[in-house]
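Visitor: Could you walk me through how the helices and strands sit together here?

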Amino acid sequence: MRSEPIRLTGRQARRFLLLVHGLLGAYRFSGKEGALAYVRQAGCIQFDPVDICGRNAELTLQSRVKGFRKDMLAELLYEDRSLFDYTDKNLSIIPTEDWPYFARFRERARRCGEGFDGLAALETQAKAYIAGHGPVSSDELPIAGEIVWHSAIHWSGNWHGASNAARSVLEQLYSAGELVIHHKNGTRKVYDLAERCLPEAVLRAPEPLPDELEHQAWRVLRRIGAVGMLWNRASDAWLAIPGLDAGRRNAIFARLEREGRIFPVCVEGIRDTLYCREEARWALETAMTGKAFAPRCEVLAPLDCMLWDRKLISALFGFDYTWEIYTPAAKRRYGYYVLPLIYGERFAGRVEAAAGETGGALCVRRVWLEDGVRRTRALDEALRRCMERLARLNQCEKVEWKAEW
């Protein structure tokens, strides 16, 4: 049964989104358990290997988790095995209990691999070597030469060419779920047999949602939860959900609303209806009270969950963000690795910072404030504390401010 949308002011909607993400007021998440709790809330956080002042997943967590350190995420992934690396919204970090839901993608990868002559023999050879010698990276696996294929990780099937045979075999076995990432040395992946790393109950669990539409609904619900609120329209938030066309998306939204798993809201100034997960209703009720929150200052990761639909962020906050890492230098408006800056209930600006450029310092190259944001003593102090936290994340001893702002 459809319900009447809850009507929100723009400020109430912004407060709701920040509360859901744990970015407004006191920290909702703390320590390693808090990091795990946030990933479970979001469903997945994106991984990107670029490390200028922390990798994307680390920056996503440090903005929300009090006392977060990089080794906490490594422990959750490679010691506790509470999280695992896999493709969800592109390369992602996912709760281990969600492993069974990705059975169809592992099966698809297996079928993909069957189309390449000689690959099965190389897979047998690789698994036997790992079984006898332990975890390996591609430069340690004694398989030489190249293989011509399209990577099973790229499920769109649009990448073709020759690639290092050892790396290709490991990636194929990883995509098919026979290997997992045991740990990483920097960005280099070291693989081990899945059966030696993950609980048997997880590995042997049947596909929970064999019906394709049910599976897509599960993924749509997770993406709504990851962003906080979403509209039923084309969005980057739906990336890598195969077969999710407009018709299916309409059917899924109607079903989720009928089942009481999402509820609609109308926000002043925004034409489209937005939808929130029922579990987040507490944040809506809090946002509508008018309760005052002490302002926090945080930097967001470039691929932060809250930024997955940048048109939505522009509509709600009036903040337009482009990650310019792939923009030619001459065309960049800001810089190579510039992070959004939140202060209180708004996006206050952007920060360009880099770790380790000058000895053990975090170098703050530049700060840009948004139009209408007034520089105050309180903002200066909040930004100083924010940069000190970022320095600690990167094990930098101090912060160096390179430019006036």
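This is a predicted model: local features need pLDDT of at least 70, side-chain atom pairs count only at pLDDT 80 or more; totals for chains, interfaces and linings use all residues.

Guide: Residues are numbered from 1 along each chain as its sequence is written, and side-chain values use heavy atoms, with hydrogens and water left out.

Visitor: How are α6 and α7 oriented where their axes come within 10 Å?

Guide: Axes are lines fitted to C-alpha atoms, for helices over the stretch in contact, with angles from 0 to 180 degrees between N-to-C directions. Those of α6 (119-133) and α7 (165-175) cross at roughly 85 degrees. Since 65 to 115 degrees counts as such, α6 is roughly perpendicular to α7.

Visitor: Which residues of α7 make the contact?

Guide: Contact means heavy atoms within 4.5 Å. On the α6 side, the contact uses L119, L122, E123, A126, K127 and I130. Their α7 partners are V169, L170, Q172 and L173.

Visitor: Which strands are the edges of the open four-stranded sheet?

Guide: Strands pair if DSSP finds at least two bridges between them. The order is β1-β12-β13-β11, with mixed pairing. Pairing on one side only marks the edge strands, β1 (6-8) and β11 (230-231).

Visitor: Which residue of β13 does I262 stand opposite?

Guide: β12 (262-267) and β13 (274-277) pair in the antiparallel sense over four bridges. I262 stands opposite R277.

Key. Helices (H or I, at least four residues) and strands (E, at least two) are DSSP runs, numbered from the N terminus. Angles under 35 degrees count as roughly parallel, over 145 as roughly antiparallel, 65 to 115 as roughly perpendicular and the rest as oblique.
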